[in-house]
Amino acid sequence: MMKNYFDLTGQVAVVTGASTGLGVQMAKAFASQGANLVLLARRQNLLDENAATIEMEFDVKALPIACDITQTEQVKAAVAATMERFGRVDILVNNAGTGATAPTVDITDKQFQNELNIDLFGSFLCAREFGKEMLKAKYGRVINIASMYGLVGNMAATCAPYHAAKGGVVNLTRALAAEWDKDGITVNCICPGYFWTPLTKDTLETEWFTDYAKGAIPLGRYGNEGELDTCALFLASPASSYVNGQNIAVDGGYTAI
């Protein structure tokens, strides 16, 4: 008898940054394995569209909640709405993020603070509040989405605040993993490389990037839609119970050289 190691039937997955891009892709991957979803982002109209599409395509329940992940009361309200609707939360994906690109000497205080607030504090805040419910249940899978730029520097785009924030997410992952492991909660991190999304396609599809990728990425290309999904599914599933505090680069080999 074949076993589906990624089966998430009946579980509830919360995905932040679920209005576009990688967040939507991962949410659909979880839905394909039977998970009900809570979709968080700031734009309610996009969340509503995504929820309707997911429910129709995968026959699961999807709850769209407009939420600014940097605002404590909004995150607490999202937790309350999740528990009222589903009574449980099994998986949290901290995917929401931003990126300020400019030479360091031109980065403003506000830009740097905004980067840390969304990418790092937002991840911490969601982990803290949804983690409270996981601790009660003695089970949870937290997946932080950092970046390969949280592991290394780069010579392609000047974005020191992004490096700093994502590096913080990487070590936040280790700290939470060490703190929560005895309570049945694993905390891991995915560090994506260059991935195609509606926001990145204009850069990734240029001749400059094509030439750059051939020298900088062992696989010689950017990541395609769906190529992050299986890593997220693995870390979200009960089968990954002995994987904890890890930062997995899904980057075509960029950080290997």
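Reply: The largest pocket is lined by 46 residues, and those that lie nearest its centre are Gly97, Thr98, Tyr162, Leu199 and Thr200. A pocket here is an open set of points on a 1 Å grid over the protein atoms alone, where a 1.4 Å probe fits and protein lies on both sides within 12 Å along at least five of seven lines, and lining residues have an atom within 4 Å of a point. The model is predicted, so local features need pLDDT of at least 70 and side-chain atom pairs count only at pLDDT 80 or more, whereas totals for chains, interfaces and linings use all residues. Residues are numbered from 1 along each chain as its sequence is written, and side-chain values use heavy atoms, with hydrogens and water left out.

Two or more lining residues come from each of helix H1 (21–32), strand E2 (36–41), helix H5 (160–180), helix H6 (201–204) and helix H7 (207–216); helices (H or I, at least four residues) and strands (E, at least two) are DSSP runs numbered from the N terminus. The lining divides into 25 nonpolar, 17 polar and four charged residues, where Ala, Val, Leu, Ile, Met, Phe, Trp, Tyr, Cys and Pro count as nonpolar, Asp, Glu, Lys and Arg as charged, and the others, Gly among them, as polar. The volume of this pocket is about 1400 Å³, a volume being the space filled by probe spheres set on the points, which are joined across faces, edges and corners.

Strand E2, one of the contributors to the lining, belongs to an open sheet of seven strands in the order E3-E2-E1-E4-E5-E6-E7, with parallel pairing; two strands pair if DSSP finds at least two bridges between them. E2 pairs with strand E1 (residues 12–16) in the parallel sense over five bridges, among them Val12 with Asn36 and Thr16 with Leu40. In E1 itself, five of its five residues are buried, that is, under 20% relative accessible area with a 1.4 Å probe and protein chains only.

Helix H5, another contributor, lies across strand E5 (140–145), strand E6 (185–192) and E7, running at about 160° to E6; axes are lines fitted to C-alpha atoms, for helices over the stretch in contact, and angles run from 0 to 180 degrees between N-to-C directions. In the loop between E6 and H6 lies Thr197, which counts as buried because its relative accessibility is 9%. Leaving aside residues up to four places away in sequence, Thr197 touches Gly21 and Leu22, contact meaning heavy atoms within 4.5 Å.

Key. Buried means under 20% relative accessible area, exposed over 50%, partly exposed in between (1.4 Å probe, protein chains only).
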